[in-house]
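Please set out the main features of the structure below for someone who has not seen it before.

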Amino acid sequence: MFDATQPARPGVLHIVATPIGNLRDLGQRALDVLKTADIIAAEDTRTTQGLLNTQQIQAGKLTPLHDHNEAAAAARLIEALRDGKSVAYVSDAGTPGISDPGARLVNLVRAAGFEITPIPGPSAVATALSVAGIEGAWLFYGFLPAKPAARRKVLQQLTSRPEALVLYEAPHRIEETVADLLAVLGGERTLLLARELTKKFEQLHACPLAQAPAWLAADDNHRRGEFVLVISAPETVESDADAVESRRVLEILLEDLPLKQAAQLAARITGARKNALYELALTLKQET
Ligand code: SAM
């Protein structure tokens, strides 16, 4: 199977991963499929045309399929599959369906009874994990919500998870997200900031969460580009029963005490972390 090219197959949807920065990471099978597919559906046809140009690929017909037209575009692709055409789907960078469009397309094509095949390749989550040194389980969340209250609420839910956490973040939100990670998860867990992976200014920086804001502030370049954040698993995790108890105690105290005092007292009573309880108290206040 080493040198045989593997062209796109008729009546099959090929989900193709593309580079996350370094164009040399485009796989051989991805090249074969992109060269031969009758139709290439792309999150952004101009981005994909740019990639194809760099590889001197005379592509099949390019057609857009993104978050805003996924169902309608999928219906057209299903018709093409029915006509025996070979179809490829690529997102802007990395693996479709991972914090990118593609899931709805896959579901609709599967429901229509057509074969789907993955053409694996780069993904920022796998790339970061390969150098993160995480030995146990990890949980990929992708992008946290953009709004601070919603973001902190999600982080509250994630504090009780025993796994390492993997997040995606954009440069314009990196500082506020890291500040929230510190506030909710505490300063002890290790944060790996994996920046601009596979690109010219690739940088990996690992430090305790407590030191991460200072590192980001120290140099404008530290806040530039694309980020994967890998947060090590907590040393000890509140069991679900403990989490329920902390919440119950906090809710009672909040009836009579100001937020900060309630969090402090709840921390003394339950042994849970004060910062986490403070964040939970903020969330509870917003909910009521
Ligand atoms: N589907 C893609 C994948 O498989 O990785 C992810 C697409 S998502 C819209 C884009 C986010 O992925 C970026 O905001 C960043 O968090 C992460 N990312 C993509 N490329 C990256 C890179 N070269 N270095 C670090 N993070 C990257």
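Strands β1 and β4 (residues 87–90) run parallel and are joined by three bridges; strands here are DSSP runs of type E with at least two residues, helices are runs of H or I with at least four, and both are numbered from the N terminus. Two strands count as paired if DSSP finds at least two bridges between them. The model is predicted, so local features need pLDDT of at least 70 and side-chain atom pairs pLDDT 80 or more, while totals for chains, interfaces and linings use all residues. Residues are numbered from 1 along each chain as its sequence is written, and side-chain values use heavy atoms, without hydrogens and water.

**Strand β1 and its partners**
- Within β4, Tyr-89 is the bridge partner of Ile-15.
- β1 is also joined to strand β5 (residues 115–119), by five bridges, and these two run parallel.
- In β5, Ile-119 stands opposite Val-16.
- Five of the five residues of β1 (residues 12–16) are buried, buried meaning under 20% relative accessible area, exposed over 50% and partly exposed in between, with a 1.4 Å probe and protein chains only.
- In a regular strand the side chains alternate between the two faces of the sheet.
- On one side of β1, Val-12, His-14 and Val-16 are buried, and on the other Leu-13 and Ile-15 are buried.

**Nonpolar cores**
- A nonpolar core is a set of buried Ala, Val, Leu, Ile, Met, Phe, Trp, Tyr and Cys residues joined through side-chain atoms within 4.5 Å.
- The largest such core has 22 residues, and Leu-181, Leu-191, Leu-193, Leu-229 and Ile-231 have the most contacts inside it.
- At least two residues of this core come from each of α6 (148–159), β7 (164–169), α7 (174–185), β8 (190–195), α8 (212–218) and β10 (227–231).
- With five residues, α7 gives the most to this core.
- Apart from this core lies another of 18 residues, including Ala-73, Ala-74, Tyr-89 and Phe-114.
- Leu-193 touches Ile-174, Trp-215 and Phe-227, among others, when residues up to four places away in sequence are not counted; contact means heavy atoms within 4.5 Å.

**The chain as a whole**
- The chain has 11 helices and 10 strands.
- Its C-alpha trace spans about 70 × 40 × 30 Å along the principal axes.
- Of its 288 residues, 44% count as buried.
- Among contacts with a separation of 6 or more, 70% are between residues 24 or more positions apart.
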